[in-house]
Amino acid sequence: MKVLGIETSCDETGIAVYDSEQGLLADALYSQIKLHQKYGGVVPELASRDHIRKTLPLIREVMEKADMALTDLDGLAYTSGPGLAGALMVGAAIGRSLGMTLGIPTIGVHHMEGHLLAPLLEENGPQFPFVALLVSGGHTQLVEVAAIGKYKLIGESLDDAAGEAFDKVAKMLGLPYPGGPHVARVAESGNRDRFRFPRPMTNRPGLDFSFSGLKTFTLNTVQEHTVDGILDEQTRDDIAWAFQEAVADTMVIKCRRALRHSGMKRLVLAGGVSANKRLREKLAVMAEEENGELHYPGFAYCTDNGAMIAYAGCMRLLAGQCSDLSIQVKPRWNLETLPALD
Ligand code: KG4
Ligand code: ZN
């Protein structure tokens, strides 16, 4: 089954074709980062308008790359939530209408299910069941995954998402949006011993996260070391390192707990923050200590992309699921409410 995937939930237009027999056939991505950078974050109305401009040309590009005509498609999948309402509406309206015109089954996909299944696009993807750590700009969740659609939320952030915390710390450090990759880059030149930041909520039992205290701690450290309005570059890098280390260690502690608590051995890391090399390194060491395995998507499929939506949609369409003709989006949508495949 050849499925076109359309992702427009935030500031990336992602399009791909996934074939259940041959794997990923083609994909393309347009990032709106430049458009939003001068505002220091995503401006929803500008995001929607840019998705309108980019979605159809990208679909044409992907069809050409895959050497296919639209009439060769067997199914269509678009992100229907969670995300920015206007941005979601663009992908949903285009996806739903195109599906109806082509007369093929069409499905609205949960964005976080897309992230969660992205490691299955890799050659040696994880077997079920597994524990997933979903870390993106909008979510930080630990999920027990028995199979596709069988999700149990076992922990989540009580305030900011991990990616959001990276983005806010980047702003404090004078780095551009989106901050995660920039914090990671400057952290490489950071002194490993100068600062030690707290590992929030690790001293008490449970699998929930909180990043607001760590954010305030970071802000206080920045302010303490700002002289005449200037934070010197080395101190900036040292703070970036200490912050990244605190986030990664916190995740290692919670993931170890989640593996032990669930009795599972496989850990899947997904979502934009899964591109973070230090986090991958530390989780890999922990997984080995626990005699388990760590899986994550290829770099291109950590942040938002069309391939993960095409894949998740394809799995559901193959099981006979599809959405009706209404154009609906769910800006808020609980992962646990998704149906199982059987
Ligand atoms: O999954 P994603 O593309 O979008 C959402 O669904 O939110 O995640 C974007 C988030 C941003 O907050 C970005 O700063 C973060 O992922 N991110 C990173 C890295 N690359 C992207 N955070 C830390 N380290 C990275 N290398
Ligand atoms: Zn995402």
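Colleague: Which protein donors hold the zinc ion (ligand 2), and how far from it do they lie?

Modeller: Donors are N, O and S atoms within 2.8 Å of the metal (3.2 Å for Na, K and Ca); water is not among the atoms, so sites may look incomplete. Here they are His111 (NE2), His115 (NE2) and Asp304 (OD), 2.0 to 2.1 Å from the zinc ion. This is a predicted model: local features need pLDDT of at least 70, side-chain atom pairs need 80 or more, and totals for chains, interfaces and linings use all residues. Side-chain values use heavy atoms, without hydrogens or water; residues are numbered from 1 along each chain as written, with chains lettered from A and ligands numbered from 1 in written order.

Colleague: What spacing do the donors follow along the chain?

Modeller: H-x3-H-x188-D. Helices (H or I, at least four residues) and strands (E, at least two) are DSSP runs, numbered from the N terminus. His111 and His115 are 4 residues apart in helix H4 (residues 111-117), so about one helical turn separates them.

Colleague: Is His115 buried or exposed?

Modeller: Buried means under 20% relative accessible area, exposed over 50%, partly exposed in between (1.4 Å probe, protein chains only). His115 is buried at 1%. His111 is also buried, at 6%.

Colleague: Which element gives the most to the lining of the second largest pocket?

Modeller: A pocket is an open set of points on a 1 Å grid over the protein atoms alone, with protein on both sides within 12 Å along at least five of seven lines; lining residues have an atom within 4 Å of a point. Strand E5 gives the most, 4 residues. The lining has 19 residues, with Ser80, Gly108, Ser323, Lys330 and Trp333 nearest the centre.

Key: 1 Å grid on protein atoms, 1.4 Å probe; cavity = no way out; pocket = protein on both sides within 12 Å on 5 of 7 lines; lining within 4 Å.
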